[in-house]
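Morning, everyone. Please have the sequence and the model open side by side. I'll go from strands to helices to whole-chain totals.

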Amino acid sequence: MPRETIITAADVPEPDGLPATVETWAKLREDEFALRPRHMSEMVGQRKVAERLAIAVDAARKRKEPLGHILLDGPPGLGKTTFATCIPRDLGVTLQIASGAALAAPKDLMPYLTNAQESSILFIDEIHRLPKAVEEFLYPAMEDFRIDVVLGEGAGARTVNYALRPFTLIGATTRSGLLSAPLRDRFQIREHLEFYSVEELTEIVRRNAAKLRAEIEDAAAVKVASCSRGTPRVANNRLRWVRDYSTSRGTGHLDLPIAEAALHKLEIDELGLDSQDRKYLATIARVFHGGPAGVEAIAHTMNAALDTLVDEVEPFLLRSELVVRTPRGRKLTARAYEHLGTTPPPGEPQLPLFK
């Protein structure tokens, strides 16, 4: 039975003022979603890291040698992948991207290593998830640019030494403590990424609003940045939401009232806390009288997954000095009570409000 075409690009209605050609739509989508900087000189924030990496890149380019292996660690959304994509552009070399979770066996890594060009970059995201066998298979590839391939089985098996073209491995991880010491020590350059300031995030919001063809006022950019948890990825997501809200409920211009209304719709407060964050604080205050309380007890009370609280909710609350971890469990600070608009329970000494 012959197949019939269900829909084509010609069947898509043409938006007002825009031609419905495939090339035009592809260009619009590419421009809209390419918010990442293309070169390290264009990056905002992480200046010390960028300066050190720029020196290493410049030295490798002048000596015409492969760049040393690089390990980038830090919380999600701070720019590890951005650095990994900017470095090959600054070097003028090719890039291959893999995920540690997808490399289940050495054979999964083989195509990346054998196809690597001279001085090219191999980027492995979440490198701490590499299985032990794959990790050990990487050791000679990183040090001597060679791999040992076993052909055959049993007594007739033989080992073939395969020479690789010199390449650079960039590893990114959110949990560097899970990396084994032998793998960690094979990276010549190790950089930790820190959270961004409100001023840096404000500049990122301004730049990306221009890339999204949205006019944003300075006050609105500051508002979005201050509610973004010090993370560019969160800032970009909330900027997109404010733009969508303005397109739907406003004129498309991003001013402070629109930004405040959009963030209120998301239930984001002035510190960047969402409804789940506030529920976590309120549970400790109401049920556990401010703590200390074990995280498992809090998770059961909230009917939430333990991993969600530990990996998603608590890190920002701890960094914001709203919660502290004590030997007996989690405990609210005076700042948390101030933010919730409640008073600490009587008779219990409270942790101070840090300024």
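One term before we start: two strands pair if DSSP finds at least two bridges between them. Also keep in mind that this is a predicted model.

Now a single bridge. Look at isoleucine 97. Which residue is the bridge partner of isoleucine 97 in β3? The partner is phenylalanine 123. Zoom out one step. β2 and β3, residues 121–125, are joined by five bridges. The two strands run parallel.

Zoom out again, to the sheet. The sheet is open and has five strands. Read the order with me: β2-β3-β6-β1-β7. The pairing is parallel. Which strands sit at the edges? They are β2, residues 95–99, and β7, residues 189–192. Each of these pairs on one side only. From one strand to the next, the twist averages 15°.

Next, what lies across those strands. Find helix α3, residues 80–91. Helix α3 lies across β1, β2, β3 and β6. For your selections, β1 is 70–73 and β6 is 168–173. Against β3, helix α3 runs at about 175°.

Stay on α3 and bring in α2, residues 47–63. The two axes come within 10 Å. They cross at roughly 35°, and the crossing is right-handed. Who makes the contact? On the α2 side, Val49, Ala50, Leu53, Val57, Ala60 and Arg61. On the α3 side, Phe83, Ile87, Asp90 and Leu91.

The crossing of α7 and α8 is right-handed. From α7, the residues in contact are Val198, Leu201, Thr202, Val205 and Arg206. From α8, they meet Asp218, Ala221, Val222, Val224, Ala225 and Ser226.

Last, the totals. How many helices and strands does the protein chain have? There are 14 helices and nine strands. The chain has 355 residues, and 40% count as buried. The accessible surface comes to about 19,400 Å². Carbon and sulfur atoms hold 52% of that surface.

Conventions:
Residues numbered from 1 in each chain as written. Predicted model: local features only at pLDDT ≥ 70, side-chain atom pairs only at ≥ 80, totals over all residues. Heavy atoms only, no water. Helix = DSSP H or I, 4+ residues; strand = E, 2+ residues; numbered from the N terminus. Buried < 20%, exposed > 50% of the residue type's maximum accessible area, 1.4 Å probe, protein only. Areas by Shrake-Rupley, 256 points an atom, 1.4 Å probe, with all protein chains shown as cover. Axes fitted to C-alpha atoms, helices over the stretch in contact; angles between N-to-C directions. Contact = heavy atoms within 4.5 Å. Left-handed = near helix turned anticlockwise from the far one by under 90°.
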